Amino acid sequence: MDIAFASARALPADWEQAALLGRIDLGDGPTPVIVREGRVYDMSYVAPTVAALIEAGSFDTAGGTDLGHLDDLALSVDAGATPRLLSPIDLHCVKASGVTFAVSALERVIEERARGDASAAAAVRTRLEERVGGSIRSVVPGSPEAAALKAALIEDGMWSQYLEVAIGPDAEIFTKSPTLSTIGWGGEVGIRSDSTWNNPEPEVVLVVDRNGKTIGATLGNDVNLRDFEGRSALLLGKAKDNNASCSLGPFIRLFDDGFGMDDVRASEIALTIDGADGYRLEGSSSMDQISRDPEDLVRQAMSEHQYPDGFVLFLGTLFAPTQDRDEPGRGFTHAVGDVVTISNPKLGALVNPVTTSKDAAPWNYGIGDLMRNLAGRGLLAQTKNQGA
């Protein structure tokens with residue numbers, strides 16, 4: 001499948017009315033840009049990074065350099081090519097919330113009970129749904145009803161650590177990926193080469209400033225290894241954080257009069273997986289089914305932590321692939337060459353082909369590299385809003 005960037009393929013349906021924030025390599029290094037009314041503005045002399053631009057709190061393009069209409073830039077996603085579209089974040093911490101939907105909670109319990117064995121999942125799923133059914137979908141996390149359901153499940157021998165974070169008072173919040181390691185639109189996402197049961201996780205991702213204010217949202221793929229996490233929750237790090245295992249993009253849509261948190265709450269996220277073998281899977285995730293409100297998840301992420309460069313927060317997914325791919329009863333797992341498309345009319349589409357983490361482009365551009373690049377370009381010494 002051809003992976004070529006095009007506004008009609010990648011951007012929100014109303015993108016020429018939206019305010020979009022992201023990064024482009026124009027040839028001399030990562031550059032924060034804002035897209036308004038279809039035109040791209042280089043904001044690097046206003047603020048050298050996306051994180052700094054968000055901290056400045058102003059997305060006025062008057063201080064930027066007009067690079068022309070987005071369609072005329074001929075953006076590439078190929079390594080070494082310019083201008084190249086990058087992941088829309090830079091210095092942000094990358095956080096994720098897990099088990100925020102009832103269906104995903106049940107699937108995590110299934111992984112745990114099956115001990116990461118996909119062939120055992122179908123039988124466990126049937127038994128668990130017979131025991132729990134729709135009751136988990138109807139309780140508010142942390143409520144007296146949730147406590148009563150927990151007591152009943154403990155008595156029945158069906159309690160799980162995943163149900164604790166699904167209906168208990170405390171959400172699961174974890175660090176997904178190191179700063180500057182995320183993959184952008186069109187880049188290859190990586191699955192560990194020793195994983196035999198895995199899947200994409202299509203999610204809405206909030207972008208939050210250092211003070212806890214959500215300034216926008218984007219799309220993300222929280223790549224997951226079901227076999228690793230199913231064997232032990234203590235393997236969460238290996239299941240979630242591997243080379244190229246986190247993608248974001250194509251741009252951050254800034255909150256304004258035309259897009260806000262209520263749009264996030266009402267989002268329908270579509271997913272398609274197209275395999276090189278002709279396999280196709282379609283799924284969706286409805287944010288109105290989330291068990292915890294997005295603003296509550298942001299509050300929990302910041303309850304006893306600070307993020308001086310801001311952070312992004314994956315909100316979890318309803319999507320739990322159970323459609324068989326190879327053998328009956330084994331469900332879905334990725335194959336190298338799959339192309340994952342995550343889309344929403346107001347956020348656009350995030351497209352990534354799948355490879356192994358070993359074969360994906362190595363992550364070799366860190367914070368030190370970025371600072372040296374910005375210093376070499378004279379972007380750390382002075383900016384336009386400092387009188388340059």
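1. Two strands count as paired here if DSSP finds at least two bridges between them. On that basis, β8 and β18 (residues 348-356) make a parallel pair with 3 bridges. V189 sits opposite V354 of β18. Keep in mind throughout that this is a predicted model.

2. That pair belongs to an open sheet of 5 strands, running β8-β18-β17-β14-β15, with mixed pairing. The edges are β8 (189-191) and β15 (280-286); each has a single partner strand, so one side of each has no neighbour in the sheet. From one strand to the next, the twist averages 25°.

3. On to the packing. The largest nonpolar core takes in 59 residues, and F5, W185, V264 and L315 have the most contacts inside it. There is also a second, separate core, with 25 residues, including A19, V94, V205 and F314. As background, nonpolar side chains in soluble globular proteins tend to be buried together.

4. F5 deserves a click in the viewer. Leaving out residues up to four places away in sequence, F5 touches A10, L11, L75, V77, L85, W185, P250 and F251. W185 is itself among the residues with the most contacts inside the largest core, and P250 comes up again below under the cis bonds.

5. Next, M43, in the loop between β3 (39-42) and α2 (50-56). Is M43 buried or exposed? Its relative accessibility is 0%, so M43 counts as buried, the cut-off being under 20%. Beyond its neighbours within four places in sequence, M43 is in contact with P32, V33, I34, L53, D60, T61 and G64.

6. T214 is in strand β11 (residues 214-222). With a relative accessible area of 14%, T214 is buried too. Its contacts, not counting residues up to four places away in sequence, are L206, V207, V208, F255, M261 and V298.

7. The largest pocket has a volume of about 800 Å³. Its lining has 31 residues, and R84, L86, T182, I183 and A361 lie nearest the centre. Both β1 (19-25) and β5 (84-85) supply at least two residues of that lining.

8. How many cavities of 30 Å³ or more are there? The count is 4. The second largest cavity holds about 60 Å³ and is lined by A51, I54, E55, H92, V208, D209, R210, P308, D309 and G310. Helix α2 gives the largest share of this lining, 3 residues. V208 also turns up among the contacts of T214.

9. A few backbone spots to check by eye. Most residues other than glycine have a negative phi, and most peptide bonds are trans. Which peptide bond ending at P83 is cis? The one from T82, with omega near -10°; P83 is in the loop between α3 (70-73) and β5. A cis bond also joins G249 and P250, with omega about 5°, and P250 is in strand β13 (residues 246-254).

10. Last, the positive phi values. E37 is not a glycine, yet its phi is about 50°; E37 lies in the loop between β2 (30-36) and β3 and is exposed at 66% relative accessibility. L180, also not a glycine, has a phi of about 75°. L180 is in the loop between β7 (172-177) and β8, and at 12% relative accessibility L180 counts as buried.

Note on methods
Residues are numbered from 1 along each chain as its sequence is written. This is a predicted model: local features need pLDDT of at least 70, side-chain atom pairs count only at pLDDT 80 or more; totals for chains, interfaces and linings use all residues. Side-chain values use heavy atoms; hydrogens and water are left out. A nonpolar core is a set of buried Ala, Val, Leu, Ile, Met, Phe, Trp, Tyr and Cys residues joined through side-chain atoms within 4.5 Å. Buried means under 20% relative accessible area, exposed over 50%, partly exposed in between (1.4 Å probe, protein chains only). Contact means heavy atoms within 4.5 Å. Helices (H or I, at least four residues) and strands (E, at least two) are DSSP runs, numbered from the N terminus. Axes are lines fitted to C-alpha atoms, for helices over the stretch in contact, and angles run from 0 to 180 degrees between N-to-C directions. On a 1 Å grid over the protein atoms alone, a cavity is a set of points where a 1.4 Å probe fits but cannot get out, and a pocket is an open set with protein on both sides within 12 Å along at least five of seven lines; lining residues have an atom within 4 Å of a point. Grid points are joined across faces, edges and corners, and a volume is the space filled by probe spheres set on the points.
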